[in-house]
Protein chains: 2
Amino acid sequence: MRATGAATPGSPLDPTASVPATVAVGGAAIPEATVARLPVYLRALTALADAGTTTCSSEELAAAAGVNSAKLRKDLSYLGSYGTRGVGYDVEYLRYQIAREIGVTQDWPVVIVGIGNLGHALANYSGFRSRGFRIVALLDAAAGRRGEEVAGLPIRSFDELESVVAEHRVAIGVVATPAAAAQEVCDRLVAAGVTSILNFAPTVLAVPEGVDVRKVDLSIELQILAFHEQRKAQAEGGAARAADAAEVIA
Amino acid sequence: MRATGAATPGSPLDPTASVPATVAVGGAAIPEATVARLPVYLRALTALADAGTTTCSSEELAAAAGVNSAKLRKDLSYLGSYGTRGVGYDVEYLRYQIAREIGVTQDWPVVIVGIGNLGHALANYSGFRSRGFRIVALLDAAAGRRGEEVAGLPIRSFDELESVVAEHRVAIGVVATPAAAAQEVCDRLVAAGVTSILNFAPTVLAVPEGVDVRKVDLSIELQILAFHEQRKAQAEGGAARAADAAEVIA
DNA sequence: ACCGGTTTGTTCTCACGTTCACAAACTCCT
DNA sequence: AGGAGTTTGTGAACGTGAGAACAAACCGGT
């Protein structure tokens, strides 16, 4: 099993995952941590372009993306030399280069499996379509919701998975089922030819070599916040009442 | 601004973020990467307990959590010596210890701001309550939805934010608004006393020192998958057609 | 009581990621 | 044309995380 790490991380890096470190094939090797930040830069550039900015420095862009400017420059240097010394970056040009590198200049067909509350929200999320992703089918096991329209698409039977994937050449699947069903759904997605999976179910998915899995886990994120929150509270009531020093960097 | 990093990752590490590396105060320092994995272990242990398992080895638990066993043991060693050599870990005991370390043995009141499709799904997500988080209020700016009940809670005016936070001593806020409103909502949450924010809006939030922000960004996750998918496709059609070697570790 | 088998906790090494600092290169002004 | 100022791209140092390997410790049987 391989999983795209991020510390992400990362998420932040992806907490669980054996990280392949760098990704290379035709082009140069791009560190996984950099890959995870490229979409952030892309979004920041789009915002700048919408605001009418035509040129920006690494300092400005870094501020908009919430990262260190040196890190930004190093990240961009993996893609090539798209800036001009003494001037900065052309917003539109850099935006296109990053979009091309990520692959969002083309159209990615996506299937969503599991149309509960979350699947419903995902189907309606406008951020997908505007960023190169096109939802081609909504699948659900429950016969009750069959045929119901969500975001302009009918909910279809899970049995149609194979035909949908084949017809639209779907490479990316989204799993939004309950945890109990996730592994089985995942297996069938992989068997049908899907090679990238975005998993919202609170489970660790096992997949064969060559298939990428990324996990989005809402309660884990909250638990990480709770951990830090507890530490803050301990520091507050702790022996020294050390003002604002909720954390000590060791 | 400080943000809980996570190589992540996870995003995996959180892609954007200056990482504080380790967290310490009263107890020992715990690496940020370890903190991000603790909830995963907790979930795996709960699954084992539900299956009737009373004892497990680091190998078994690591498999259930999808990590290397050496990494698991090292992670657990930061919390203390809760295992028995030659035997393994007592599932229930370890589960409690991790839960206590994370802070989910206590109850965390949470407010959700922005009750659109996503906020709706979050309000209905059962995984929160079962893991020590209690949603105390749903807030939305739109007057139209005022009073409507979602998951047993009425949608209240955003103006009630301050009183709700004060009354329930809320430390954690969830932002599920459109991107344009996110920063303003964030500012008011912080001003009201919230010190941890889970952000679903596709924006970088600026917060003062001492406030933690974690970001969950759906389209970024898809873009990372698209990047790898594109690389796979390039490898496929590339010069050597190098079988399954979609990635070359440099 | 002792010995073999098992599993944890920890040390050590290596690779990755971040940041600093600076040379190269470009623009603008004189 | 030349120089001052600015900004990129990159080399090097540092800190963190991952994984292998091993010693310490525990159990059970004889």
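# Contacts and helix packing

User: Which residues does Gly173(B) touch, not counting residues up to four places away in sequence?
Analyst: The model is a predicted one, and a contact here needs heavy atoms within 4.5 Å. Gly173(B) sits in strand β10 of chain B. Once residues up to four places away in sequence are set aside, Gly173(B) touches Val111(B), Val194(B), Ser196(B), Ile197(B) and Leu198(B).

User: Is Gly173(B) buried or exposed?
Analyst: A residue counts as buried when its relative accessible area is under 20%. The relative accessibility of Gly173(B) is 0%, so Gly173(B) is buried.

User: How far apart in space are Gly173(B) and Cys186(B), C-alpha to C-alpha?
Analyst: In sequence, 13 residues separate Gly173(B) from Cys186(B). In space, the distance between their C-alpha atoms is 8.6 Å.

User: Which residue of chain A does Val104(B) touch, not counting residues up to four places away in sequence?
Analyst: Val104(B) belongs to the loop between α4 (91–102) and β6 (108–113) of chain B. Its contacts beyond four places in sequence include Leu42(B), Ala99(B), Arg131(B), Gly132(B) and Phe133(B) in chain B.

User: Which residues is Gln223(A) in contact with, leaving aside its neighbours within four places in sequence?
Analyst: Gln223(A) has its place in helix α9 (residues 218–237) of chain A. With a relative accessible area of 2%, Gln223(A) is buried. Leaving aside neighbours within four places in sequence, Gln223(A) is in contact with Pro39(B), Leu42(B), Ile102(B), Val104(B), Arg131(B) and Phe133(B).

User: Are α5(A) and α5(B) roughly parallel or roughly antiparallel to each other?
Analyst: Helix α5 (residues 117–124) of chain A and helix α5 (residues 117–124) of chain B have axes 8 Å apart, at an angle of about 170 degrees. Angles over 145 degrees count as roughly antiparallel. Therefore α5(A) and α5(B) are roughly antiparallel.

User: How many charged residues are in the contact of α5(A) with α5(B)?
Analyst: From α5(A), the residues Asn117(A), Leu118(A), His120(A), Ala121(A) and Asn124(A) take part, and they meet Asn117(B), Leu118(B), His120(B), Ala121(B) and Asn124(B) in α5(B). By class, this contact has four nonpolar and six polar residues, and the number of charged residues is given as no charged residues.

User: Is the crossing of α1(A) and α4(A) left-handed or right-handed?
Analyst: Helix α1 (residues 32–50) and helix α4 (residues 91–102) of chain A cross at roughly 150 degrees, and their axes come within 9 Å. At that angle the two helices are roughly antiparallel. α1(A) passes α4(A) in a crossing that is left-handed.

User: How many nonpolar residues does the contact of α1(A) with α4(A) have?
Analyst: Among the residues that make this contact are Leu38(A), Leu42(A) and Leu45(A) of α1(A), and Leu94(A), Ile98(A) and Ile102(A) of α4(A). By class, the contact has one polar residue, three charged residues and, for nonpolar, 12.

User: Are α7(A) and α8(A) oblique or roughly parallel to each other?
Analyst: Helix α7 (residues 161–168) and helix α8 (residues 179–192) of chain A cross at roughly 40 degrees, with axes that come within 9 Å. Angles under 35 degrees would count as roughly parallel, and those of 65 to 115 as roughly perpendicular. α7(A) and α8(A) are therefore oblique.

User: Is Ala151(B) exposed or only partly exposed?
Analyst: Ala151(B) is in the loop between β8 (149–150) and β9 (153–157) of chain B, and has a positive phi of about 55 degrees although it is not a glycine. A residue counts as exposed when its relative accessible area is over 50%. Because its relative accessibility is 44%, Ala151(B) counts as partly exposed.

How values were computed:
Residues are numbered from 1 along each chain as its sequence is written. Chains are lettered from A and ligands numbered from 1 in the order in which they are written. This is a predicted model: local features need pLDDT of at least 70, side-chain atom pairs count only at pLDDT 80 or more; totals for chains, interfaces and linings use all residues. Side-chain values use heavy atoms; hydrogens and water are left out. Axes are lines fitted to C-alpha atoms, for helices over the stretch in contact, and angles run from 0 to 180 degrees between N-to-C directions. Helices (H or I, at least four residues) and strands (E, at least two) are DSSP runs, numbered from the N terminus. Ala, Val, Leu, Ile, Met, Phe, Trp, Tyr, Cys and Pro count as nonpolar, Asp, Glu, Lys and Arg as charged, and the others, Gly among them, as polar. Buried means under 20% relative accessible area, exposed over 50%, partly exposed in between (1.4 Å probe, protein chains only). A crossing is left-handed if the near helix is turned anticlockwise from the far one by less than a right angle, and right-handed if clockwise.
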